[in-house]
Amino acid sequence: MENLWLADVLARPVPESVRFLSRADVLDCLARVDVVAAVRDALVSHHLGRTILPSEAYLSWTNQHGAYSRSIGMPGAILEEGAEGAYGMKIINASVSNPEFGLERAGGLGLCFDPRTARVIAVMEVGVLSAVRTAAVTAIAVETAGYQAVRSLAVVGCGTQARVHLALLLTRCPELSRITLCDVRRPVAENLAGELASRHPGISFSVAATPVEAMDEAETTLFLTTVAEGYVQPDWVRPGSLLVNVSLGDLTDEVLVNASALFVDDVQLIVENPRRPLGRLVNEGRIAAKEQEGQPSITATIGELLAGETIAQRPDTGYVVVNPFGLGILDVALFGAVLRQANSADIGQALELV
Ligand SMILES: NC(=O)c1ccc[n+]([C@@H]2O[C@H](COP(=O)([O-])OP(=O)(O)OC[C@H]3O[C@@H](n4cnc5c(N)ncnc54)[C@H](O)[C@@H]3O)[C@@H](O)[C@H]2O)c1
């Protein structure tokens, strides 16, 4: 037997455990959390400088099926104010071939840290939380950009994000009456349209063959695909509409450069990531990182909109783009909210570490 000597090297440790939350546990906790309010508060804290948001760690590779695969490490902190502070990290991994094998494309873990000892105190399934926080940012962006009364919506890409986005927006946009879905895998769009139609009989759901057809009559279009190359052309965009570029890759440079207003979640993260189109355009000097009259520029952050420092206006002829990079601090804020529920209702299981 090798290395038995290791057992006696360290002093007798104090017992330590980690709370583990499965997806079912997370859903149980989330039922008691106002996710949009939690994400909104975190965006405001970020705007007020009460967060720590380090750069992401990004690892990518091609798997044995030739599919793009990656792991992103996203640490962050909402600085402690009373009991609402949160420290942690999201590890979100994805491979675009996963859906072929019946797996969700993205999955990973959320970690909560103890602010005093810095220990990991909770580990939770993150797929659903990641989708919920992303949908919450979209809902907040739609509202603060002046599109809350939207009646017609198009969704391009009908996977996990689309399901969660639609579930949330259907509770928050009371005037929605027409939703058009589009997916390169048409049956995926048809299945989702069928499911939603049976749950929301007062709303008309249809499936479009192409993104341009889906966008034709939509006041707001959500891009939730996995494309790497921009393909949406400026003349596809309906005047006065809002484009939410969640997948970050669908819009061509021309669509980004010609937007009448361009809202983001964080300028710094975008600038640091030239592998994404908006970051590349800012680094090339084709879009200014700060608003500049008469020049393509980032208009404001969603935090500035929430703080009322910028008032968004729906354009008559132009269009608005929201480009949410995805902030780890928003996940960490939700992990904290979930953990508070888990602690108070004793949800999940304790894993003994030492
Ligand atoms: N910005 C953010 O904060 C953030 C956060 C989470 C996820 N995302 C992004 O959201 C996107 C969607 O994530 P998901 O988990 O729903 O993925 P998913 O794989 O579950 O769904 C993507 C869907 O898009 C479809 N699709 C791919 N290319 C298409 C095209 N050209 N036209 C129409 N449909 C197309 C696929 O068939 C699939 O159904 C990903 O790009 C992901 O990276 C962004």
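Biologist: Which residue of S4 is the bridge partner of Trp61?

Modeller: In this predicted model, Ser69 of S4 is the bridge partner of Trp61.

Biologist: What makes S3 and S4 a pair of strands?

Modeller: Two strands pair if at least two bridges are found between them. Strand S3 (residues 57-62) and strand S4 (residues 68-78) have 6 bridges, in the antiparallel sense. The definition asks for at least two, so S3 and S4 count as a pair. They form a hairpin with 5 residues between them, and in its turn Gly66 has a positive phi of about 80°.

Biologist: How do you know that S9 and S10 pair, and in which sense?

Modeller: Strand S9 (residues 178-182) is joined to S10 over 4 bridges, in the parallel sense. Within S10, Ser206 is the bridge partner of Thr180.

Biologist: To which sheet does S10 belong, and in what order do its strands lie?

Modeller: S10 belongs to an open sheet of 8 strands with parallel pairing, in the order S10-S9-S8-S11-S12-S15-S13-S14.

Biologist: Why are S10 and S14 called edge strands?

Modeller: Strand S10 (204-207) and strand S14 (300-301) each pair on one side only.

Biologist: How many helices and strands does the protein chain have?

Modeller: The protein chain has 11 helices and 16 strands.

Biologist: What share of the residues is buried?

Modeller: Buried residues, those under 20% relative accessible area, make up 50% of the 354 residues in the protein chain.

Biologist: Is Gly107 buried, partly exposed or exposed, and how do you know?

Modeller: Gly107, in strand S6 (residues 106-113), has a relative accessible area of 26%. Buried means under 20% and exposed means over 50%. The value of 26% lies in between, so Gly107 is partly exposed.

Biologist: Which residues does Gly107 touch, not counting those up to four places away in sequence?

Modeller: Gly107 touches Ile91, Ile92, Asn93 and Val126. A contact requires heavy atoms within 4.5 Å. By contrast, the C-alpha atoms of Gly107 and Gly285 are separated by 35 Å, and these two residues are 178 residues apart along the chain.

Terms used: Residues are numbered from 1 along each chain as its sequence is written. This is a predicted model: local features need pLDDT of at least 70, side-chain atom pairs count only at pLDDT 80 or more; totals for chains, interfaces and linings use all residues. Side-chain values use heavy atoms; hydrogens and water are left out. Buried means under 20% relative accessible area, exposed over 50%, partly exposed in between (1.4 Å probe, protein chains only).
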